[in-house]
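Open your viewer, load the model and keep the selection panel handy.

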Amino acid sequence: MIGFHASHELYSPAELLKLTRLAQQAGFQAASCSDHFHPWSMSGQSGYAWSWLGAALESIPLTFGTVCAPGQRYHPAIIAQAAATLAQMYPGRFWMALGTGQNLNEHITGESWPAKDLRKKRLLESVKIIRRLWDGETVTTDGMIRVQEARLYTLPEEPPKVFGAAITDETAEWVGSWADGLLTVAKPPEDLAKTVAAFRRGGGEGKPMRLQAAVSLDKSGDAAEVIAFRNWGVACLDVAQIQDIALPEEFDRQVAGHQPEEVCGKLRISSEIDQHVEWIRQDLEFGFEAVYLHNVGLSSEKFIEAYAANVHPRFTT
C-alpha cells in the first residue's frame, strides 16, 4: 500500500487538505501526517495536526495516522481522548504512532528536556495511561505523569492501533515489546534490514510495520538533490542534534554549514522513476504493509501526478 505523507512543517493546513485530496484521487491508498508545534526551518509552517485530522477524515476517504509524543507538550489523557474521538467518528480509519519527541516541539511548556532514557520511561507510562483510559478505567497515577480520576465517557468500539515510532535499531527493539506495530523511516536497505530485525527481536514478530520515506523526484538528479536540501536540509543532521535542538532558527544555522550532496543517502533522491519503484518494492519485500511517501522535492502537485502515472500502475497490475 502506497500512502501520502502530509507534512505540516512544509505546507499550510488548507494546502495540505487540497494536496491530500489530490493524492487520494490520484490513487494513493492511505495518508499520514506530522504533528509539530514548530517547523524545522523558519521558512516552514506549523498547523495543528489534530484539528486538521478531523477535517481530513471527514472529507477524504482514506485511513489516516499521525506521529506524536505524549508526556510533555501533550498530556496522555488528552491524546487518549482525541484519538478515541476520531476513532469513534471514523471506525477503523485512524491510527497513531507514539515517540519520545523532539525538544523543538516540547520545550514550549517550560519544562526541561529530559535525557533519552527518561523520555522512554515517560513515553511508556503515557502509553499505559492511554490504553487504560481506552479500556474504560478511571485512572489515577503519580509517576512521571500525574493523572487524577480521569475517565473517558466516549469510546470507540475498537481502539486505534498504537505504533511505536523508531529511528534507531535500539528504539525499534524496545518498541517491539509494547507497540501494536512499528513506524520507522527509510534508510539504505542494509540499515533498514537491521531495524526490522531489531523490532522483531524485541517482540515485534508478526506485528504490522509501516514506513515513512522522504523522496525527491525531478528532471535531473542534481535538481532533485538541490530542492530536497532546500526543503529538508534537516536530514543532514544526526539524530542527537535533531532531538535536542530547540528552535527553527538554530536548525537553519546548523543546516547552513552543510551542502546539498549530503542529503543523498539519507533521502530517496533520483530522477529515475524506476529507482523510485524499486525502493518501494524493496520496502514491501521487507514486510512493510504501507509506505508513506513524504515529498521533499518538486511541487507536490507534480509529484502526485508523476507517481499516479508512473508508479502506482506498477503495483496494481
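Predicted model: local features only at pLDDT ≥ 70, side-chain atom pairs only at ≥ 80, totals over all residues.

How much space lies in the second largest pocket? The second largest pocket holds about 340 Å³. Residues are numbered from 1 along each chain as its sequence is written, and side-chain values use heavy atoms, with hydrogens and water left out.

**Stop 1: the second largest pocket**

Select Pro91, Gly92, Arg93, Phe94 and Pro159, which lie nearest the centre of this pocket among the 20 residues that line it. On a 1 Å grid over the protein atoms alone, a pocket is an open set of points with protein on both sides within 12 Å along at least five of seven lines, whereas a cavity is a set where a 1.4 Å probe fits but cannot get out; lining residues have an atom within 4 Å of a point. Grid points are joined across faces, edges and corners, and a volume is the space filled by probe spheres set on the points.

Now colour α3 (76–89) and β4 (94–98): each supplies at least two residues of this lining. Helices (H or I, at least four residues) and strands (E, at least two) are DSSP runs, numbered from the N terminus. By class, the lining has 12 nonpolar, three polar and five charged residues. Here Ala, Val, Leu, Ile, Met, Phe, Trp, Tyr, Cys and Pro count as nonpolar, Asp, Glu, Lys and Arg as charged, and the others, Gly among them, as polar.

**Stop 2: the largest pocket**

Next, select Gln102, Ile167, Val185, Gln212 and Ile242, the residues nearest the centre of the largest pocket. Its volume is about 1300 Å³, and 50 residues line it. The lining divides into 26 nonpolar, 15 polar and nine charged residues.

**Stop 3**

To see the contact (heavy atoms within 4.5 Å), show Trp50, Leu53, Gly54 and Leu57 of α2 with Ile79, Ala82, Ala83 and Leu86 of α3. Seven of these contact residues are nonpolar, one is polar and none is charged.

For the second pair, select helix α1 (residues 13–25) and helix α12 (residues 300–310), whose axes come within 10 Å and cross at roughly 10 degrees. Show Glu15, Lys18, Leu19, Leu22 and Ala23 in α1, which meet Ser300, Glu301 and Ile304 in α12. This contact has four nonpolar, one polar and three charged residues.

**Stop 4: the largest cavity**

Which residues line the largest cavity? Select Phe4, His5, Ala6, Ser7, Tyr11, Leu16, Leu19, His294, Asn295 and Ser300. The volume is about 50 Å³, and the lining has five nonpolar, five polar and no charged residues.

**Stop 5: Leu298**

In the loop between β11 and α12, pick Leu298. Leaving out residues up to four places away in sequence, Leu298 touches Leu217, Asp218, Ile227 and Phe303.

**Last stop: zoom out**

Clear the selection and view the whole protein, with its 12 helices and 11 strands. The C-alpha atoms fill a box of roughly 60 × 45 × 40 Å, taken along the principal axes.

Terms used: Axes fitted to C-alpha atoms, helices over the stretch in contact; angles between N-to-C directions.
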